[in-house]
Amino acid sequence: MEVLSTKTELSDWLEFRKGAPRTLVPTMGALHRGHTSLFDLAGEQGGDVVATIFVNPTQFGPNEDFDDYPRQLEADLARCETHGVSAVFTPPPAEMYEPEPSISIHESKLSTRLCGTSRPGHFDGVCTVVAKLFNLTRPDAAVFGEKDFQQLAVLRRLTRDLNFPIRIIPGPTVRESDGLAMSSRNAFLNEEERGQAPVIQRALSRVAGTIAGGEIVSPDDALQSISEEIESESLSKIDYVKIVDSETLEPLSSFDRAEPRLLAAVFFGKTRLIDNVGLPALNG
Ligand code: AMP
């Protein structure tokens with residue numbers, strides 16, 4: 001496995017591997033089984049797997065956890081190697097951004113909803129860094145986790161609207177044994193918060209089941225039921241709970257003909273966790 005930290009090293013390696021198909025898996029490091037499942041999925045496409053490890057400053061707001069974001073490069077590289085990654089691109093920020101960049105990418109529809117409301121500018125940072133990684137690594141395919149469902153939808157738009165000739169492959173959410181979605185931010189939870197956090201997935205899945213079974217027919221009733229269950233845990237503070245169309249992310253007023261996705265963002269202490277589920281009948 002090659003570890004590449006400059007654009008020149010990366011382009012030399014790409015030249016050396018010329019002709020081999022490749023799949024990109026962008027990450028911010030602090031790798032867990034959610035990330036490694038994406039490496040495995042990328043490996044199943046055949047060809048090279050290029051992972052990137054880059055804590056992208058432009059997707060963090062001024063009061064967010066950029067400085068505190070966990071960084072553990074040695075352990076991450078070992079995980080990449082075990083999961084068949086061909087090359088890891090791990091640039092310092094100065095390698096990715098010019099001193100005063102004057103162009104960024106703004107997605108103007110899907111980004112305004114859900115996490116976009118409480119994290120202004122976040123998806124511009126994500127779109128900009130992913131476009132740069134696409135240009136630098138020129139992959140045939142790229143894998144993104146359904147855990148960050150809005151990000152996946154926004155990046156599909158980025159790929160479509162800017163004509164990147166790249167296949168976007170979604171990876172299912174990997175969970176702890178109690179249902180909590182794996183996340184690098186779970187490490188910030190104290191013991192009591194960690195004990196309560198699985199309520200997010202429990203509430204979303206329970207209500208997805210009742211919608212699929214025809215017991216709840218109105219999105220408003222479904223949202224109320226999810227919120228009540230989450231709020232029954234004393235340390236939870238809901239940022240949002242929404243039921244949206246999977247592609248447009250527009251809120252649903254009925255379940256007719258739509259493919260609903262249930263999403264929530266919930267604070268436990270200072271830690272903001274996100275999760276989402278589809279309907280069992282539609283998503284297997
Ligand atoms: P991050 O390092 O948090 O930026 O995530 C890098 C990639 O891993 C993104 O495509 C995420 O959606 C994906 N990812 C993060 N957590 C999980 C998880 N629990 N299951 C599957 N994919 C995940």
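How many bridges join S7 to strand S8? The first point below takes up this matter.

1. Nine bridges join S7 to strand S8 (residues 260-268), and the two run antiparallel. Within S8, Leu-263 is the bridge partner of Lys-242. Strands here are DSSP runs (E, at least two residues), as are helices (H or I, at least four), numbered from the N terminus; two strands pair if DSSP finds at least two bridges between them.

2. This is a predicted model, in which local features need pLDDT of at least 70 and side-chain atom pairs count only at pLDDT 80 or more, while totals for chains, interfaces and linings use all residues. Residues are numbered from 1 along each chain as its sequence is written, and side-chain values use heavy atoms, with hydrogens and water left out.

3. The strands S7-S8-S9, in that order, form an open sheet of three with antiparallel pairing. Its edge strands are S7 (236-245) and S9 (271-278), each pairing on one side only. Helix H9 (residues 199-212) packs on this sheet and touches S7, S8 and S9; its direction makes about 160° with that of S8. Helix H10 (residues 219-231) also packs there, touching S7 and S8, at about 155° to the direction of S7. Contact means heavy atoms within 4.5 Å; axes are lines fitted to C-alpha atoms, for helices over the stretch in contact, and angles run from 0 to 180 degrees between N-to-C directions.

4. A second open sheet has six strands in the order S1-S4-S3-S2-S5-S6, with parallel pairing. Strand S1 (2-4) and strand S6 (167-171) each have a single partner strand, so one side of each lacks a neighbour in the sheet. Helix H6 (residues 122-137) lies across S2, S3, S4, S5 and S6, at about 145° to S2.

5. The ligand is surrounded by 17 residues (a heavy atom within 4 Å), the closest being Met-28, Gly-145, Asp-148, Val-174 and Met-182. A ligand nitrogen atom is 2.9 Å from a polar backbone atom of Val-174. Taken alone the ligand exposes 480 Å², of which the protein buries 92% (Shrake-Rupley method, 1.4 Å probe).

6. The largest share of the shell around the ligand, three residues, comes from H2.

How values were computed: Polar contact = N/O pair within 3.5 Å; in protein donor to acceptor, adjacent residues only side chain to side chain.
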